[in-house]
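This report walks through one structure, with the sequence and the coordinates side by side. Please keep both in view while reading.

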Number of protein chains: 2
Amino acid sequence: MSEKRQDLIDTAIELFAEHGFHATGIDRIAEVAGVSKKTLYHHFRSKEELILAALKHHDGLFRNFLMKSVDQLSDSPYERLLGIFDVAQAWFSGKDFYGCMFINAIGEYSHGDTAIRRACQDFKTQVSAYVEQLAVSAQIDNPKALADSLSILLEGAIVTAQVAGNAESAGTAKRAAKVLIDSALDHNVETV
Amino acid sequence: MSEKRQDLIDTAIELFAEHGFHATGIDRIAEVAGVSKKTLYHHFRSKEELILAALKHHDGLFRNFLMKSVDQLSDSPYERLLGIFDVAQAWFSGKDFYGCMFINAIGEYSHGDTAIRRACQDFKTQVSAYVEQLAVSAQIDNPKALADSLSILLEGAIVTAQVAGNAESAGTAKRAAKVLIDSALDHNVETV
DNA sequence: TGGCAAGTAAACAGATCTGTTTACCTGATG
DNA sequence: CATCAGGTAAACAGATCTGTTTACTTGCCA
């Protein structure tokens with residue numbers, strides 16, 4: 001039964017999110033996961049490998065959550081673009097919100113580890129690609145440009161909520177996003 | 001000569017920025033600052049106190065740098081609002097750019113320490129107040145709303161640059177900021 | 001000149017970190 | 001039944017962490 005591996009990853013994600021990466025020891029993860037240290041090192045060669053596995057797994061979970069939630073909010077691509085920030089608001093309001101795990105990871109490993117940085121870049125790239133796909137569906141001219149702007153708004157809303165300790169920034173970002181989207185659509189009309 | 005205190009703070013800021021807070025030991029800071037450990041503990045009761053002193057000092061330095069740079073770019077309040085993102089671009093392009101120290105601090109201490117969190121909130125509040133003051137000068141209706149939006153864009157640009165490892169996000173954020181500012185000014189005209 | 005503030009270097013205490021090793025247990029399968 | 005993969009518990013190694021202590025040095029100034 002190698003569900004132990006998954007238990008370790010799940011536990012690692014929780015502890016890393018709540019306490020940070022350096023502040024979370026291997027012993028603690030093994031203890032909370034209810035797994036011996038030897039088994040942990042059987043599944044992961046090092047702490048870094050566990051961090052990478054945790055980031056990768058969280059990447060999948062989070063993007064799935066985001067896309068599913070947004071898609072359920074509305075069928076309209078326009079509303080879906082805005083819906084990103086409604087989903088963000090719900091996320092920020094959860095009691096287990098400790099900011100974006102990838103941003104936090106970069107903060108601790110911005111210097112050294114290339115693998116960890118790359119995992120964070122992959123995540124961001126794929127979220128941005130999803131936003132761009134929505135922008136394409138909304139028939140926006142230059143969807144990549146809008147996706148880049150909205151992604152920056154989203155990142156900003158995340159860290160602002162994390163620092164402030166409340167979800168207000170989601171609403172602010174949503175209003176700003178509406179202005180940007182409408183402006184992009186106006187531009188379409190003008191240039192058609 | 002209590003310039004030792006300042007040496008320690010300066011060194012701490014550099015090492016914390018580059019390597020993170022947990023990953024930077026007291027011994028290392030003392031060694032790099034060229035100061036004995038005992039002297040370090042003479043000036044600061046604990047590592048946390050040194051972190052707080054470093055954050056507070058960096059707060060002053062950074063806001064001074066931001067305001068001075070922006071004010072020098074132009075006399076026009078409109079151009080100054082946009083100039084924030086030009087200053088950001090220059091900042092991101094520097095070889096010692098490791099993201100925002102306060103965002104990184106929150107990432108490592110989002111859970112525990114109230115004092116560190118408060119230092120980060122103070123910083124953010126004061127930067128936002130500066131942006132709002134520029135918005136007031138630009139005679140924008142509801143300057144607080146615009147300042148909140150631009151602050152979120154700025155935060156987003158910072159973390160995006162940090163993850164990507166390049167300064168592109170500053171340009172993207174600037175273009176988005178222009179749309180938001182122009183929209184706010186249009187709204188002024190309509191409602192006058 | 002005498003004393004004191006401020007510093008250094010280095011050992012120490014005790015905790016905690018990553019990672020390894022040893023000895024034992026348990027349950028499924030050939 | 002015997003074996004063996006997969007697990008546990010716990011000690012261990014060696015490094016590093018925060019913070020303290022001891023003993024010595026240096027420069028200022030009354």
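## The surface near DNA strand D

At least two residues each of the surface near DNA strand D are supplied by α3 of chain A together with α2 (26–33) and α3 of chain B, where helices are DSSP runs of H or I with at least four residues, numbered from the N terminus. The largest share of this surface, four residues, comes from α3(A). There are 18 residues around DNA strand D, and S36(A), T39(A), G25(B), I26(B) and S46(B) come nearest; a residue is near a strand if its C-beta atom, placed from the backbone, lies within 6 Å of it.

By class, the surface near DNA strand D divides into four nonpolar, six polar and eight charged residues. Here Ala, Val, Leu, Ile, Met, Phe, Trp, Tyr, Cys and Pro count as nonpolar, Asp, Glu, Lys and Arg as charged, and the others, Gly among them, as polar.

## How to read the model

The model is predicted, and local features need pLDDT of at least 70, side-chain atom pairs count only at pLDDT 80 or more, while totals for chains, interfaces and linings use all residues. Residues are numbered from 1 along each chain as its sequence is written, and chains are lettered from A and ligands numbered from 1 in the order in which they are written.

## The surface near DNA strand C

DNA strand C is surrounded by 18 residues, of which G25(A), I26(A), S46(A), S36(B) and T39(B) are the closest. Two or more residues of this surface come from each of α2 (26–33) and α3 (37–43) of chain A and α3 (37–43) of chain B, and α3(B) gives the most, with four residues.

In the loop between α3 and α4 of chain A lies R45(A), which counts as exposed because it has 9 C-beta neighbours inside 10 Å; the cut-off for exposed is 12 or fewer other C-beta atoms within 10 Å, that for buried is 20 or more, and residues in between are partly exposed, with C-beta atoms placed from the backbone.

## Two copies and their contact

In the interface, 36 residues of chain A are in contact with 37 residues of chain B, contact being defined by C-beta atoms, placed from the backbone, that lie within 7 Å. On the side of chain A that touches chain B, α8(A) gives the most, with 12 residues, and the residues of that side divide into 15 nonpolar, 16 polar and five charged.

## The buried interior

The largest nonpolar core has 112 residues, among which L150(A), L153(A), A157(A), L150(B), L153(B) and A157(B) touch the most other members; such a core is a set of buried Ala, Val, Leu, Ile, Met, Phe, Trp, Tyr and Cys residues joined through C-beta atoms within 7 Å. Leaving aside neighbours within four places in sequence, A157(B) is in contact with I152(A), F85(B), A88(B), S169(B), A170(B) and A173(B).

Nine of the nine residues of α6(A) are buried, so this helix is largely enclosed by the rest of the structure. The cover over its buried residues includes α1, α4 (47–73), α7 and α8 of chain A together with α6 (101–109) and α8 (143–164) of chain B.

Notes: Contact = placed C-beta atoms within 7 Å.
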